[in-house]
Amino acid sequence: VQEGYQRTIADDWLMERKHFEGLKKLTGIAVSEETVQHAINARIKTGNVLGDYYFKNIENATGIKPIPDNEVVQGMFKKCLRDKKNGPYFWEYLVKSTGIKPEEKLAQQAYEQFVREEKTHDLTRFVEFTGVVPEEKTIQAAYRTLAKRNKFGDSFSEVQKVTGIAPRPETVQTAYSVIVDRKESIWEFYLQRVFKETGVVPSQDVVQKAYETCARLGHIDKFNELYDTFKVQPSQETRKALESILKS
């Protein structure tokens, strides 16, 4: 009978209290706490966890609160890390379903994996729901990834907000250089955003290169914005180019 109870809990997410009460009335045997806990752990091992409402269903149907085994859940976290296709993306669902968070060592391994794959957004998201802060070397590696990539939407502040650790000044300078060299649309906005996020002033070379781009493209308004932000005097060559534009 207990085996039947266990299979019902492990396999049927539409279970109702009347099913368990009916079997108890027929056999005189009530579902045991051991059976409930064994069934929920078996379900977790399959990776087919149906969310916290599944756990509430079990409690409503059996009158017993299912408490997943920590070792079983940690084992699933490890299994997810080894999954080359989906990686640890099942973690968040597992945490929300069971209330159990990954151990710090596993969380650090996940963060390192995200940095290797340049998935900095996932790193910040995982910090928020695991409560584990990445090691500083991992955080700085994430900043270096952001600096070299610097696409729209990338933000140093997202990482700093969840970790409390700022990027190193040399990493910020790398970001400035990448932005100016690529000259993508609204590049001057990116420059100013990085400055506002970090407080690190771009090097003279970077600012002068930005001014030269403004002069070459005739973007007086962008030049004024950059000058107002960084307060760096343009070179004589750039000044002459800007004056020529204004006279034309």
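1. Glu 118 sits in the loop that links helix 7 (104-116) to helix 8 (120-130). Helices here are DSSP runs of H or I with at least four residues, and strands are runs of E with at least two, numbered from the N terminus. The model is predicted: local features need pLDDT of at least 70, side-chain atom pairs count only at pLDDT 80 or more, and totals for chains, interfaces and linings use all residues. Residues are numbered from 1 along each chain as its sequence is written, and side-chain values use heavy atoms, with hydrogens and water left out.

2. Most residues other than glycine have a negative phi. Glu 118 is not a glycine, yet its phi is positive, about 60°. Glu 118 counts as partly exposed because its relative accessibility is 45% (buried means under 20% relative accessible area, exposed over 50%, partly exposed in between; 1.4 Å probe, protein chains only).

3. Lys 231, also not a glycine, has a positive phi near 55°. Lys 231 belongs to the loop between helix 14 (220-230) and helix 15 (236-247). With 58% relative accessibility, Lys 231 is classed as exposed.

4. Which residues of helix 10 (residues 156-163) are buried? They are Phe 156, Val 159, Val 162 and Thr 163. These residues lie on the same side of helix 10 because they cover an arc of only 150° around the axis, the arc being that of the directions from the helix axis to the C-beta atoms.

5. The buried residues of helix 10 pack against helix 8, helix 9 (136-149), helix 11 (169-182) and helix 12 (187-198), where contact means heavy atoms within 4.5 Å. Gly 164 follows helix 10 and has a positive phi, near 75°.
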